[in-house]
Amino acid sequence: MSAYDAAMSVALDEAARAAEEGEIPIGAVVLDAQGAVIAAAHNRREATADPTAHAEILALRSAAATLGRWRLEDCTLVVTLEPCPMCAGAAVMARLGRLAFGAWNDEYGAAGSRWDLVRDRRLNHQVEVFGGVRAEECGAMVAEFMADRRDRIEEA
């Protein structure tokens, strides 16, 4: 059991909402310094026709608005899938303190699998990373969604 299990439950609920809306099921939450959820979001690219509407970006924007500041050094981003380079870059630029994620993202992961942008020493900020939180559950949600999507494409 991880310190981030409860927050991951909220992120998984967000991911389920994304799937219901036809979005890739990724959910994210931001925790404040005391561990309270201050923002929650899920993928909204299809709904908004916005290529940057990833769960992580939306959650970081919401957290910054809630706190009234862009520096989130005392916050933790909890997300169901390892962030892509865009989202990892946003975490660095927000000066995020910690990142906890569920499933590893072998294709686009930028927090330790394919790249490690969030801990790159060439940048002026590094994010503490906790990977694999409820990884099987998080990975299964994405895998099932993608398999269902492929089946529907093949039937068409």
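User: Which strands does helix α1 lie across, and at about what angle does the helix run to β1?

Analyst: In this predicted model, helix α1, which covers residues 5–20, lies across β1, β2, β3 and β4 (98–103), and the helix runs at about 145° to β1.

User: And what does α3 lie across?

Analyst: Helix α3, made of residues 55–67, lies across β1, β2 and β3, with a direction at about 150° to β2.

User: OK, the sheet itself then: what is the strand order?

Analyst: The sheet is open and has 5 strands in the order β2-β1-β3-β4-β5, with mixed pairing. Its edge strands are β2 (37–42) and β5 (128–130), each of which pairs on one side only, and the twist from one strand to the next averages 15°.

User: How many bridges join β1 to β3, and in what sense do these strands run?

Analyst: Strand β1 (residues 27–31) and strand β3 (residues 76–81) are joined by 4 bridges and run antiparallel; within this pairing, Val29 has Val78 of β3 as its bridge partner.

User: What about β1 with β2, over how many bridges do they pair?

Analyst: Those two strands pair over 5 bridges, in the antiparallel sense, and the bridge partner of Leu31 in β2 is Val37.

User: Which residue in that hairpin takes a positive phi?

Analyst: That is Gly35, whose phi is near 90°, in the hairpin of β1 and β2, where 5 residues lie between the strands.

User: Switching to pockets: what volume does the largest pocket have?

Analyst: The volume of the largest pocket is about 480 Å³. Its lining consists of 18 residues, and those nearest the centre are Ile24, Ile26, Leu81, Asn105 and Tyr108.

User: How does that lining divide into nonpolar, polar and charged?

Analyst: For the largest pocket, the lining residues comprise 10 nonpolar, 3 polar and 5 charged.

User: Last topic: how many aromatic pairs does the count come to?

Analyst: The count comes to 2 aromatic pairs. One of them is formed by Tyr4 and Phe130, a tilted arrangement with 5.4 Å centre to centre and 45° between the planes.

User: Where in the chain do Tyr4 and Phe130 sit?

Analyst: Tyr4 belongs to the segment before α1 and Phe130 to strand β5, so placed that the pair links distant parts of the chain, 126 residues apart.

Notes
Residues are numbered from 1 along each chain as its sequence is written. This is a predicted model: local features need pLDDT of at least 70, side-chain atom pairs count only at pLDDT 80 or more; totals for chains, interfaces and linings use all residues. Side-chain values use heavy atoms; hydrogens and water are left out. Two strands pair if DSSP finds at least two bridges between them. Axes are lines fitted to C-alpha atoms, for helices over the stretch in contact, and angles run from 0 to 180 degrees between N-to-C directions. Contact means heavy atoms within 4.5 Å. On a 1 Å grid over the protein atoms alone, a cavity is a set of points where a 1.4 Å probe fits but cannot get out, and a pocket is an open set with protein on both sides within 12 Å along at least five of seven lines; lining residues have an atom within 4 Å of a point. Grid points are joined across faces, edges and corners, and a volume is the space filled by probe spheres set on the points. Ala, Val, Leu, Ile, Met, Phe, Trp, Tyr, Cys and Pro count as nonpolar, Asp, Glu, Lys and Arg as charged, and the others, Gly among them, as polar. Rings of Phe, Tyr and Trp (its six-membered ring) pair if their centres lie within 6.5 Å; planes under 30 degrees apart count as stacked, over 60 as edge-to-face and the rest as tilted.
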